[in-house]
Amino acid sequence: VHLPLDIVLADEDDHKRDQAIEIAARTIKTTLPLNPWAFVVHLESDEIPSPNNTIAANRWQERSVRTLEELADISGDMQLLAVENLESYSEELLIPIIEKIPVSLCIDVGHFFQNGKDPCPFIHEYIDQTRVIHIHGSSDGRGHRGLDLVEQSMIKDLIDILLIKKYSGVLTIEVFEE
């Protein structure tokens, strides 16, 4: 279950964050009877810190941890929460969060592509904490496009890692347009 995209679960404004948590909680409670494999979470905020701004990054991570702990109380299992890397923030910002609390990851390979990065080293390192992987192509700065835009060698490398690591989670082809 992908939680709504238009909520700011890691925002500095407590009122906005509380409203976002309420919407996410309602989504979790409504879909929990379906026994989902994961709840995919975006840790959005009106201002996303740079990993180089340690103070702002630490505050964002602390807010994110508090939010995830609240959502875990509702979902009943912190590992059901799969925090997704986004094109708007560096996956490095997520590492302290997953080291502090046992949430899962949703690795969005397409967001790596959008940022001009190779996702394979990150996947190789964090596959054991990963419940969901999204893959899509990108072009002209837009993601969620066809896999024909992805180098076939990159898809082969990804599949090789998943097979070698015996990945048993979900792989989603996340294409939003024809």
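**Notes on the predicted model**

1. His-144 lies in strand β6, which covers residues 142-145. This is a predicted model. The phi of His-144 is positive, about 60°, although His-144 is not a glycine. Is His-144 buried or exposed? His-144 counts as buried, since its relative accessibility is 15%.

2. The partner of β6 is strand β5 (residues 137-139), and two bridges join these antiparallel strands. Within this pairing, Ser-139 stands opposite Arg-142 of β6. The two strands make a hairpin with two residues between them. Asp-140, in the turn of that hairpin, has a positive phi of about 55°.

3. Another positive phi is found at Lys-166, again in a residue other than glycine, with a value near 55°. Lys-166 belongs to the loop that runs between α6 (152-164) and β7 (170-173). Lys-166 is exposed, because its relative accessible area is 69%.

4. What is the strand order of the open sheet? The sheet has five strands in the order β1-β2-β3-β4-β7, and the pairing is parallel. β1 and β7 are the edge strands, each pairing on one side only. On average, neighbouring strands of this sheet are turned by 25° against each other, direction ignored.

5. Inside this sheet, β2 and strand β3 (residues 104-108) run parallel and are joined by three bridges. Glu-84 has Cys-106 in β3 as its bridge partner.

6. Helix α2 takes in residues 54-75, 22 residues in total. From its first C-alpha to its last, α2 reaches 30 Å, close to the 32 Å expected at 1.5 Å a residue. α2 lies across β1 and β2 and runs at about 145° to β2. Just after the helix comes Gly-76, with a positive phi of about 85°.

7. Which elements cover the buried residues of α2? They include α1 (14-31), β1 (39-41), β2 (81-84) and α3 (95-100). Among the buried residues of α2 are Ala-56, Trp-60, Ser-64, Val-65, Leu-68 and Leu-71.

8. The largest nonpolar core has 49 residues. Those that touch the most other members are Leu-43, Leu-68, Leu-81, Ile-97 and Val-103. α2 gives the most to this core, with six residues. A second, separate core has five residues, including Ala-38, Ala-82, Cys-106 and Val-132. As background, nonpolar side chains tend to be buried together in soluble globular proteins.

9. What does Leu-43 touch, leaving out residues up to four places away in sequence? Its contacts are Ala-10, Ile-48, Trp-60, Ser-64, Leu-68, Val-83, Tyr-89, Leu-94 and Ile-97.

10. A disulfide is a covalent bond between the sulfur atoms of two cysteines. The sulfur of Cys-106 is 16 Å from the closest cysteine sulfur, that of Cys-120, so the two are too far apart for a bond. The cut-off for a disulfide is a sulfur pair within 2.5 Å. Cys-120 is likewise in no disulfide. Cys-106 counts as buried, because its relative accessibility is 0%. Cys-120 is buried as well, with a relative accessible area of 9%.

11. Thr-31 is part of helix α1. Thr-31 counts as buried, with 14% relative accessibility. Leaving out residues up to four places away in sequence, Thr-31 touches Val-1, Pro-36 and Phe-39.

12. Asn-52 sits in the loop between β1 and α2. Is Asn-52 buried or exposed? Asn-52 counts as exposed, because its relative accessibility is 71%. Asn-52 and Leu-93 are 41 residues apart in sequence, and their C-alpha atoms are 9.8 Å apart in space.

How values were computed
Residues are numbered from 1 along each chain as its sequence is written. This is a predicted model: local features need pLDDT of at least 70, side-chain atom pairs count only at pLDDT 80 or more; totals for chains, interfaces and linings use all residues. Side-chain values use heavy atoms; hydrogens and water are left out. Buried means under 20% relative accessible area, exposed over 50%, partly exposed in between (1.4 Å probe, protein chains only). Helices (H or I, at least four residues) and strands (E, at least two) are DSSP runs, numbered from the N terminus. The expected span of a helix is 1.5 Å times one less than its number of residues. Contact means heavy atoms within 4.5 Å. A nonpolar core is a set of buried Ala, Val, Leu, Ile, Met, Phe, Trp, Tyr and Cys residues joined through side-chain atoms within 4.5 Å. Two strands pair if DSSP finds at least two bridges between them. Axes are lines fitted to C-alpha atoms, for helices over the stretch in contact, and angles run from 0 to 180 degrees between N-to-C directions.
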